[in-house]
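Colleague: I'd like a close look at one part of this model, with whatever surrounds it brought in as you go. Please take your time and spell out your cut-offs.

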Amino acid sequence: MSRDVKQAYKNGTRSMDGKPGKNYWQNHGRYAITITAMPPGRTVKGTETITYINNSPDTLRSPSIKLFLNIHKPGAPREFGATPDYLTPGVHVDECKVNGQTIQVRSDQFVFTNLPVKLPKPLLPHDSVQFSFDWHYEISLRSGREGMIDSTTYFLAYFYPRVAVYDDYNGWDRMPFMESHEFYSDFNDYDVTINVPKNYIVVGTGTLQHPENLLQPTFLKRYNESFTSDQTIQIVTKQDWQAKNITTQNAVNSWRFSSVNVPDVAFGISDHFNWDGCSVVVDDATRRRAGAFAAYNDTAADYHHVAQYARHSLDWLSHHWPGIPYPYEKTTVFQGYAGMEYPMMANDESYEDTTFSRFVAEHEIAHTYMPFYMGINETRYGFMDEGWATTFEILIGRADLGVEKAEETYKQFRVEGWINDPSPGEDVPIVGPGDNRIGQALGDNEYGKASLGYLAMKDLLGDELFKKCLHEYMNRWHGKHPLPWDFFFTFNDVAKKNLNWFWSNWFFSHNYIDLAIKSTTRLGNDYSVTIENIGGMAAPVNIIANYSDGTKESFHQTPVIWQSNQGKATVKISSKKKVESISLDGGIFMDADTTNNTWKEKAF
Ligand SMILES: [Zn+2]
C-alpha cells in the first residue's frame, strides 16, 4: 500500500473491511453548460456555471481546472504524436469568474490540460464556490476520442472546463491529460444545452428535455416508440433527411439534456446521420427498460445493426455479468474514429466485420459499470476499469460466439501481446501506479493481465461466491471512488477468506505465467504430477492426460493449488486408461514457454 493510501485508511476515509470509511467524503459539482456549435464553422463556444461543493475537511485554495482539449495545443505533452490536422490553438478561456468576481487566469503557452486557479477567498470545508467560464475552441479536424467526424458531424467530448477531482488520498488531481489515461471525475449533475442549426440532431448523455419542441411529430413519435420497442425503429433515415424537415424550423435549436450523478457528458451532432433506436428491460424487478440507440452514416453497413448490438449488450450485462441492471436511461453508439466510452455514449468506428463491430460495442458499453457507475480513478488504477471491461467482453463473447471462438479472440487481442513479449515493461505489477506508465506497460497491465487476474479469482472462488463478492463491492462503492485495496478487502470480507496471497501474487508482483512439469510419478493408475511455477503467477491450469487410444482427459486445477507454495505444486490425478503423456494447458491463461509443459511415459 502506498503511503498516501495508508494515510487514507488511517484517517478513516476508507476501512480495512473494504467498506467506505466512517469519514469517507467526496466532492460534488452542479454544472449548467451551454454550448453552441454551428457547423461547418469549427468554433465551439461555451458558457457554464459550476457550483462546486467542498465536502472535504480541508480548506481549498488553488483548485485545478481541467482543460482537456488543450491536448490539441502545439507543444502539449501527449502520449502520441500529433499530425497538423490534430493541432488547434487549444481552449481559450474568455472569462473566468469566482462567486461573480472576474479573475485573471493564466493563458500562457505553458498552460495545457490543467489550469491552476487561485481562489480570491479560500473555500472552507462544507462550503461551496461558484465558478463561471466563457470559453471557445476549434474542433479538431482529426478525430479520435472527440473531434470532427465529417464537416457537419461533430463528436463533442472533454469539451468543458471541469473542476479536477480533489480526493482523500492524493489531493488535487493535477495529472496532465495525454490521451489513454481517460477518466477520473467527480460525480456531478449536468444541465447541458447544445445550440445547433435547424435540421441537426443531437444525441448524448442524459435525458433529452422536451423533445416535442425539437422534433417534427413523425420523428418525435418514432423517438418515443423506441423506448418501448424491442425491434429497431428507424427514427431518422437517409431518405428522411432529404426533405430537410426533421427538426423544428428555428434558425437555432436548443437541445437540452439533464443527468444526475454522472462523471461526464459527451454529445454527437449531425445533419445527415441515420438515427436508430430500440430498448430492452434491464431491471426485471421494476420492468424498467433502457434505450439502445445508434447514430451513423448510411454508408456504414455494420451500423445498421448496431442499435441491436447495443440492446443486446444492455440486456446481457444487466442479466448475467456483472448482473446489475444497466443504471442509465439509454446508451447511444455514435459512428466515429475511436473505440471509446462515455457515460451513456460510445464513439466507435465502423468495421467490415460485424462480429467485430458488436465486440467493440459490447466492450465500450461494458464500461458503464467501470469506470462510470463505480467512479474508478482510471488515471492511476486503470486495471480497475479496463480489466473489467475486458472481462465482461470475454464473458459476453462466450455467450455470443461460443467458448472456443471467444477465447481465440481474447488470446489474440488481450493475452498474446503480453505473454510473448519478454521485455520488463510487460511484467511490472498490475496495481501500478498507472499514471507513470505508457505503452505496453500501461495497456497490457490494465487490460489482459488484469482481466486474467479477475478470471483466475472467479475460477478460485467459483461463480456464485465471486458474483456475491463483486456485487457487494459494487453495492458498497457505486457512485464513489474505490481504490484497489477497497476492492481486495471487500472480496476478503465477503468471501470470508484471506485472499491476500492471491492479490499479492497477481496484482503486486513481477510474475508472469510459465508453468512446467517438473516430474511425474505413477502408482498404479494414479499419477502424481509436480508442477513448477517458473513465472510465479498463480494461474489455473488444466492437466491433460493423453491416452494411448488417442482420447484425452482434462483435470482442471484452480489457483488454489498455489496457496501454500507459489513455486511448486503436486497434483494427483487418477487415469481411467493407459496414459501416454501428460501435458499442461492453461487455455486463455497462456504459458510463456510451452516447451516444458509435457511429460511422456517412457517407451518400454
Ligand atoms: Zn476499454
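Modeller: Let's start with α8, which is mostly covered, with 12 of its 16 residues buried. By buried I mean under 20% relative accessible area, with exposed over 50% and partly exposed in between (1.4 Å probe, protein chains only). Helices (H or I, at least four residues) and strands (E, at least two) are DSSP runs, numbered from the N terminus. Keep in mind that this is a predicted model: local features need pLDDT of at least 70 and side-chain atom pairs count only at pLDDT 80 or more, while totals for chains, interfaces and linings use all residues. Residues are numbered from 1 along each chain as its sequence is written, and side-chain values use heavy atoms, with hydrogens and water left out.

Back to the helix. α8 takes in residues 386–401 and reaches 21 Å from its first C-alpha to its last, close to the 22 Å expected at 1.5 Å a residue; that expected span is 1.5 Å times one less than the number of residues. The buried residues in α8 are E386, G387, W388, A389, T390, T391, F392, E393, I394, L395, I396 and G397. Just after the helix, G402 takes a positive phi of about 90°.

E386 brings us to the metal. The zinc ion has H363 (NE2), H367 (NE2) and E386 (OE) as its protein donors, lying 2.0 to 2.1 Å from it. Donors here are N, O and S atoms within 2.8 Å of the metal (3.2 Å for Na, K and Ca), and water is not among the atoms, so sites may look incomplete. Along the chain, the zinc donors follow the spacing H-x3-H-x18-E. H367 lies in the loop between α5 (354–366) and α6 (368–373) and E386 in helix α8, so this pair ties together parts that are 19 residues apart in sequence. Both H367 and E386 are buried.

While we're at α5, look at V360, which lies in that helix. V360 counts as buried because its relative accessible area is 8%. Leaving aside neighbours within four places in sequence, V360 is in contact (heavy atoms within 4.5 Å) with G339, D348 and Y351. From V360 to W321 the C-alpha distance is 17 Å, and 39 residues separate the two in sequence.

What packs against α8 from elsewhere? Helix α4 is part of the picture: its buried residues pack against β19, β20, β21, α5, α6 and α8. α4 is mostly covered too, with 10 of its 14 residues buried; among them are Y309, R311, W316 and L317. Its 14 residues should span 20 Å at 1.5 Å a residue, and the end C-alpha atoms are 20 Å apart, which agrees.

Two strands pair if DSSP finds at least two bridges between them. Strand β19 (residues 274–283) runs antiparallel to β20, and 9 bridges join them. They form a hairpin with 4 residues between the strands, and R287 in the turn has a positive phi of about 60°. C278 stands opposite A292 in β20, and C278 counts as buried because its relative accessibility is 0%. If you were wondering about cysteine pairs, the structure holds 0 disulfides, a disulfide being a pair of cysteine sulfur atoms within 2.5 Å.

β20 itself (residues 288–296) is mostly covered, with 7 of its 9 residues buried. β20 and strand β21 (residues 330–335) pair in the parallel sense over 5 bridges, and F293 stands opposite T332 in β21. Going from β20 to β21, the chain crosses through helix α4 (residues 306–319), and this β-α-β crossover is left-handed. For the convention: a crossover is right-handed if, with the strands pointing away from the viewer, the path from the first strand over the helix to the second runs clockwise.

G453 is buried, with a relative accessible area of 0%. Not counting residues up to four places away in sequence, G453 touches F502, W506 and F507.
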